[in-house]
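Q: Hi! Could you walk me through this one with me?

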Amino acid sequence: MSVIGALALVLLVSAWLVVITRDLTALVQLSAVQGVVLAVVASLAGQAAGADHLYAAALLTLAVKGLAVPVVLQRVLRRIGPLRLPDAMFTTRTQAVLAFALTGAGYYIAAPLAAEPAGNHGAIGEVLPVALALVLIGAFVVVSRRLALTQAVGLLLVENGLFLAALAVAGGVPLAVDIAILAEVFVAMLIMGALVRRMHGMIGSISTEQFRRLKG
Amino acid sequence: MWIALLVGLPVLAALLGWLAGHRPAYGPAQTALAVGTVAAAGLLDWQVLAGGPVTAGGGLFYVDALSLLVFSLVALVGLFATLYSVPYVRREHETGELSLRQVRVYYLAFHLFIATMLLVTVVNNLGLLWVVIEATTLVSAVLVGLYNRATAIEAAWKYIVICSAGISFALLGLLLLYAAGARAGLSAESALAWTTLLGAAPELDPAWVKLGFLLVLVGFGTKAGLAPMHAWLPDAHSQAPSPVSALLSGVLLNTAVYGLLRVHIIAARSLGDGYSARVLLVFGVISLLVAVSFILVQRDLKRLLAYSSVEHIGLITAGVGLAGPLGLYGAMLHMIGHSLAKSTLFFLSGELVHGFHSRSLARIRGALQLMPAVGVLTVLAMLAIAGSPPFGLFTSELSIVTAAFQQGRWWPAGLILAGIGLAFAGLAYHMVQIVFGERAGSQNGHADPQPLSRWALAAMALPLATVTVLGVWVPEAVRAALTGAVAVLERGLMP
């Protein structure tokens, strides 16, 4: 297994941890870790393919996903104080099982696509399944958790999966697009953080369980 | 050059709004800039219709007839919404609903919102298209969640989360297209350009294109409000300030459909068997039927209008799915008619909700008595959106249904006809209650009718008049734009 493949597995494990953890601070830290690992993967991929723009992408990923976004989320957490609210809709065991199932789905879907490498040095077979698994697990987190902040972390997970998928199938996207996407992730987290704070200020809770007013 | 003006003027209006949105002089200033935007759109329209698609920025921008149809509507409805914002925001501020700071945030986000929607239609790079579409979500979410109400925060949160999660699937789909392009030999820089992908479409791996299209359909379909990904729409469109609701329903949905159509054109050319069109038809009809069922049992005025938008976007999508000149022309004409009529209705809803202090359809009754001008306009606008002649939507709906029958597709034809019929009945019923209905005696003290401001009247009368005229006569320029858009949808190229 290559270094990139090993790092992809690290990402996968961190996604599993996101699913089963109940500590919101740990969630933010996990997203920071993912940002760092993604940056390393991107620079290794850049080195392997001789694509310089991936170094720039790696640096930006480190800055935004590894640092800026976790800082934003951490500040939101500090503002809203300690929480003792139910988060997950399923038990930890059910969640773990579903996470594994989704990982399996990722490998299954990726199999036919990974059958033909296209100039990215064979990494596609190791990385694409993980990327798809991240997307699926992230979507699962979004729909199965009640706390708004956790849903935001789920979205980040999906985004990370997409970045990894781009690396796997196409050697990354053009730098301009990458910059735009990262800038947008940052702005999105700012806006979502502001909404979470207002939510807390208004109803004293960040649980979307309170969101039952709009129906029909 | 006109592209820069088109997008730049609203940005300028946004900055001015942040700095001076609360000043009285801002009203005329932003109107002037909005008129300028419409003028820039008109000039760009003329340039494209006269001389073919416009490329700029070294291939970064690409404007053809499909682009111009969508952005012209954005610019127009943007102007009307700007007109209506003036009295609306002023009133919200005077009644204490919006603080001074919120007013400035409103105008900053409002015009930026318009700028991002315009930008969607002129970029060539599919990756940037995706980024800009997500940007429209982010900016409009600020507007949806503007009011300090728990329901507004709920709507804004659901909107941001569902749409962002949804369109991440679209990004995955676009990545697959990009990868397919790279494998077909396209360079890394050009493999995301729509024009390049169109040219290389026959060489793209069909398996990747198919999966990519489906993912984009889920993604951009979520933003467009196609069922079953529409859950966020009634919440967001009903909780936003009414001028913003007009933008959301009237033109934002169009930009999402636009993104979907761009990929559909490539997929159709690549797969060659009408697969993508069939899928669009299915989702369109399902959206129509789902929306109609909610229209029939609706109790909230703005949610009623929101579900009506789902219905009409479903119709537009079905029209494109039916393909053929009638189906495509009908779909594009319907886009115009819906944008205009729906904007008018949301402006009217702003007046009705304020006058009756309620969004509940049980309480908004007898508007004709209380607010005669609003009542009359409501009759006309509701008839228009229900697809009654002589309004433009009747022509487009007839076109789409005829296309289905002509192609011998009995099930879609029958379902569409049934859907349209039920929608008409539901909307007509609600309209009669709203305008002529009996008001319970105890409500008399609560209503607070106000004379219609000139700004509001203009904002409502102009689009309504346009959609009425379109029902009887399609001006040459509009016809050229429509046929151009149809050609782009059929072949990717203008005639």
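Q: Let's start in chain B: is B:H357 buried, partly exposed or exposed?

A: B:H357 is partly exposed, with a relative accessible area of 46%. Here buried means under 20% relative accessible area, exposed over 50%, and partly exposed in between, with a 1.4 Å probe and protein chains only. Keep in mind that this is a predicted model, where local features need pLDDT of at least 70, side-chain atom pairs count only at pLDDT 80 or more, and totals for chains, interfaces and linings use all residues. Residues are numbered from 1 along each chain as its sequence is written, chains are lettered from A and ligands numbered from 1 in the order in which they are written, and side-chain values use heavy atoms, with hydrogens and water left out.

Q: Got it. What is the phi of B:H357, and where does B:H357 lie?

A: Phi is positive there, about 55°, although B:H357 is not a glycine. B:H357 lies in the loop between α13 and α14 (367–370) of chain B. Helices (H or I, at least four residues) and strands (E, at least two) are DSSP runs, numbered from the N terminus.

Q: And what about B:A323, which has a positive phi too?

A: B:A323 has phi near 55° and is a residue other than glycine. B:A323 is found in the loop between α12 (301–322) and α13 (324–356) of chain B, and B:A323 is partly exposed at 26% relative accessible area.

Q: Switching to peptide bonds: which residue is joined to B:P228 by a cis bond?

A: That is B:A227, and omega is about 0°. B:P228 is placed in the loop between α8 (206–224) and α9 (232–239) of chain B. There is also a cis peptide bond from B:P389 to B:P390, with omega near 5°. B:P390 has its place in the loop between α15 (372–385) and α16 (392–406).

Q: Zooming out, how many helices and strands does chain B have?

A: Chain B comes to 19 helices and 2 strands. Its C-alpha trace spans about 70 × 55 × 45 Å along the principal axes, and 64% of the 495 residues count as buried.

Q: What radius of gyration does chain B have?

A: Chain B has 21 Å, which agrees with the value near 23 Å that a compact globule of 495 residues would have. The radius is taken over C-alpha atoms, and the globule rule is 2.2 Å times the number of residues to the power 0.38.

Q: How much space is in the largest cavity, and which residues lie nearest its centre?

A: About 200 Å³ lies in the largest cavity. Its lining has 15 residues, and A:L155, A:E159, A:V185, B:E134 and B:S164 lie nearest the centre. α7(A) gives the most to that lining, with 6 residues.

Q: And how much space is in the second largest cavity?

A: About 90 Å³. Its lining includes A:K65, A:E159, B:L171 and B:L175, and α6(A) supplies the largest share, 4 residues.

Definitions and conventions: On a 1 Å grid over the protein atoms alone, a cavity is a set of points where a 1.4 Å probe fits but cannot get out, and a pocket is an open set with protein on both sides within 12 Å along at least five of seven lines; lining residues have an atom within 4 Å of a point. Grid points are joined across faces, edges and corners, and a volume is the space filled by probe spheres set on the points.
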